[in-house]
Amino acid sequence: MDNQKLVYTPAPHLKSDLTVSQAMRDVIIALIPACLVAIYFFKFYAVFMIAVCMVTAAVTELIFRMAMGKKPSLGDYSALLTGLLVALCLSATTAWWMGAIATFIAVGIAKELMGGLGWNRFNPALFGRVALIILAPWIVALGADFLPWSINFGPIDVVTRATPLAMLQQGMEMPGLANLFFAFPGGAMSEVSPFALLIGAAYLFYRGHINWRIPVSILATVFVLALIAGKNPFYHLFTGGLFLGAFFMATDWVTSPITNKGKWIFGIAIGVLIIIFRVGLAPTEGVAFSILIMNAFVPMIDRATKRPSFSEPKPKRAVAVPGQEQATAKG
Amino acid sequence: MEVKTFQGGAHIPHYKSYTEDKAITRMAAPEEVVIPLSQHLGAPNQPLVKAGDKVEVGQKIGDTEEFIAAPVHASISGTVTAIEPRPAYTGGEIMSVIIKSDGGPQEFVPKEKRDPEQMTVEEIRQAIREAGIIGMGGAAFPTHANISTRKPVDSLILNGAECEPFLTCDHRQMLERAQELVEGAKILMRSIGAKKCYIGIEVNKPDAIEALTEKTKGLEGFEVVPLAVKYPQGFKSHLIKAVTGRDVPRGARSADLGCIVRNVGTTISCYEAVVYGKPSIERVVTVSGPTVPKCGNYVIKVGTSVGHILKECGVEDLKGHKVILGGPMTGMAQANLVTGIVKSTTGVLVLPPSMVREEVSYSDCVRCGKCVDHCPMMLYPNQLSIYAEAEMYGALMEWNVTDCIECGICSYVCPSQRPIVHLIRMVKPTVKKMQRSRK
């Protein structure tokens, strides 16, 4: 038994199975129901948009990391996930190059230029989506240049419908609630079926990847404030990107607060902002803007909710006699 | 059943089934033992023998005048062949006494049997000191120093949590030596003046809970406390918090809190030291691992090499394996098999290549918060690991890096494979030095 090569590494010598790539893969898996619903309604438009965004994401990450002299990290699935999320934030008939630009901004600028996964302050997918809105004038100008490359898979009857949220804002007659909850094509691909997203979210809870406090506080806040504002709260829950935002975007590890108390504050503040946006400002994209705004406050929330160490001496209690202290502890 | 515990911590697969049903047996003494002169926390010992001397089992071979220290004794009888630096299980080298066996029976034979009731507290403390008893759960603090307290101590807490995976030596001792354990507890209670004795045991050892509940029935002041199965339940501060509800502020010693924690194995050794005058020359060690042919709980002489132990247990091929002294969360991996067990070694574990944590390159923190959720010290291991990498000592101090008990949960849960506790371990000495110089 002499001179055998032993592995000599520091403690601990056991490791849980959880890895970043596994978690990211699980989120992609959790989005499959929503993707299937989108593909069912939007056919090739959905498939194509998802493919464009995911490929752009992978290529962008590769290029940026090579340019910065870092090792490629496609294996952690984070770029692919960002690409998928960007695609789901767009409507299926959005021009493909707009999806590509949004993804490029999401992965290249919002993530890699910020220092890579872990250092980005804003949710990359939402950053990419919102960049499209902010860059709208430029994009309109680009539209003419890209016209020859536009791709058409033929007409599908659902694509001309308005976003339910916009319908709500304009006081149009609304589809039934059950309809909205299970499947109502209109708007972004992820808006079609809150139900499909909920299935995915259940899987993420089961796998322990997301903390329930953030989605619950967002949904509850939106519900209550909508009620107070005299709106039908269910319409506000089931329309717009609320489910995607609450379960998949706001729960992003990197861009949400660390402590449970911080998560409550974060979620409630997002809920309040969403209602302000929806009731008082623009009809759409309230969820995206609300989450991005709160992303910026995460360091501040973390500082404000810093917990004391287990060893931090507590202020002396009035009764310090060991025997009595014990009685209260047990009582 | 009311189960007590603390905040934070994690459930880690406990792999105890390999040895939890194996009764304690005695392992044959080796031809040669290498006994480190100092095995405790505190002042170093000086040798009392020289090369060529004949020694008997239990003969004192190293001691010092200092108070916080514990003498060491010959674990076998034979001839001292050398006193020289030898590899220590913690890495580096340590002055050790090497004894070659004379081939005779290596049992310790008590000269007398004393009645602890007839002994004064001072005599009890002296007997424990002379026997070189130290914390055998891994703490290695001299027990006589721990129980020589002037402050009133109301409770003795026996630590039978054994929260580290694989280890079952305390479990078996609670089952097989319950009587000695209870007698040892009575001796310790007398020497510290405690009126209460709690025995904390994780509920994954129901037979031990039952056995000790039975043994302590009708004994005044004894209480068996079932504890949740959660790592690191057996760390002193968390055991105190779980059992008594008392806070354990930094710098406070157990005696300041009115309670003293003793490992169950240590307590049994105290009993043997006081009643039979038996020094700490052997201990129960769990030898375990999925590929070890003869796993078990063995009484092994202090100074027995890992190589000898594994050979006795039928281990042959060790290529790509990891050999650990202690538990898998806090124990030390061994670079070779010449190091020996000491008084505080709880286990000899062999992890096969399939269980060995790969040396993968780790990635940046993704702020998942798992380490924060599970940190039993309520620290922010995520931040600490980043500050440690950047050597930001000011920030490390501000985020209480020195409170870390190095339980290893953060590294265990980290999805980015960051060696968090290792990074913390590397910067702690510097931070402590800076804190001392500031005072």
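Chain B is divided into domain 1 (116–276) and domain 2 (370–438). The model is predicted. Chain A has 15 helices and 0 strands. Contacts link 39 residues of chain A with 60 residues of chain B.

**Domains of chain B**
- The centres of domain 1 and domain 2 of chain B, taken over C-alpha atoms, are 30 Å apart.
- Contact between the two involves 5 residues of domain 1 of chain B and 5 residues of domain 2 of chain B.
- On the domain 1 side, these residues are 3 nonpolar, 1 polar and 1 charged.

**Chain A overall**
- The C-alpha trace of chain A spans about 80 × 65 × 35 Å along its principal axes.
- Chain A has 331 residues, of which 47% count as buried.
- Take the contacts in chain A between residues at least 6 apart in sequence: 75% of them join residues at least 24 apart.

**Side of chain A that touches chain B**
- Helix H1 (20–30) and helix H15 (322–330) of chain A are the elements that give two or more residues to this side.
- H15(A) provides the largest share, 6 residues.
- By class, this side of chain A has 21 nonpolar, 12 polar and 6 charged residues.

**Confidence in chain A**
- Mean pLDDT for chain A is 86, and 90% of its residues reach 70 or more.
- Residues 318–331 of chain A stay under 50 in pLDDT.
- For that stretch the model has 12 contacts beyond four places in sequence.
- Where pLDDT is low, predicted coordinates should not be read in detail.

**Nonpolar cores**
- The largest nonpolar core holds 92 residues.
- Ala38(A), Met49(A), Leu84(A), Leu88(A) and Met189(A) touch the most other members.
- Helix H2 (residues 32–67) of chain A gives the most to this core, with 14 residues.
- Leu88(A) touches Leu31(A), Ala34(A), Ala188(A), Met189(A), Ser190(A) and Leu244(A), leaving aside residues up to four places away in sequence.
- Another core, of 86 residues, lies apart from the largest one. Among its members are Ile134(B), Ile187(B), Phe235(B) and Ile424(B).

**Helix H5 of chain B**
- Within H5 (residues 206–215) of chain B, the residues Ala208(B), Ile209(B) and Leu212(B) are buried.
- Seen down the axis of H5(B), the buried residues fall within an arc of 100°, so they line one face of the helix.
- Exposed residues Pro206(B) and Glu214(B) sit on the face of H5(B) turned away from the buried side.
- The cover over the buried residues of H5(B) includes strands S9 (155–160), S10 (196–202) and S11 (222–227) of chain B. Helices H3 (169–176) and H4 (178–192) of chain B also contribute to that cover.

**Backbone exceptions**
- Most residues other than glycine have a negative phi, and most peptide bonds are trans.
- Ala11(A) and Pro12(A) are joined by a cis peptide bond, with omega about 0°. Pro12(A) lies in the segment before H1 of chain A.
- Tyr231(B) and Pro232(B) are also joined by a cis peptide bond, with omega about -5°. Pro232(B) lies in the loop between S11 and helix H6 (236–244) of chain B.
- Glu162(B) is not a glycine, yet has a positive phi of about 40°. Glu162(B) lies in the loop between S9 and H3 of chain B. Glu162(B) counts as buried because it has 33 C-beta neighbours inside 10 Å.
- Glu391(B), not a glycine, has a positive phi of about 50°. Glu391(B) lies in the loop between helix H10 (381–389) and helix H11 (393–398) of chain B. Glu391(B) is exposed, with 11 other C-beta atoms within 10 Å.

Technical notes
Residues are numbered from 1 along each chain as its sequence is written. Chains are lettered from A and ligands numbered from 1 in the order in which they are written. This is a predicted model: local features need pLDDT of at least 70, side-chain atom pairs count only at pLDDT 80 or more; totals for chains, interfaces and linings use all residues. A residue is buried if 20 or more other C-beta atoms lie within 10 Å of its own, exposed if 12 or fewer, and partly exposed in between; C-beta atoms are placed from the backbone. Helices (H or I, at least four residues) and strands (E, at least two) are DSSP runs, numbered from the N terminus. The arc is that of the directions from the helix axis to the C-beta atoms. Two residues are in contact if their C-beta atoms, placed from the backbone, lie within 7 Å. pLDDT is the predictor's confidence in each residue, from 0 to 100. Ala, Val, Leu, Ile, Met, Phe, Trp, Tyr, Cys and Pro count as nonpolar, Asp, Glu, Lys and Arg as charged, and the others, Gly among them, as polar. A nonpolar core is a set of buried Ala, Val, Leu, Ile, Met, Phe, Trp, Tyr and Cys residues joined through C-beta atoms within 7 Å. Domain bounds come from an automatic or database domain assignment.
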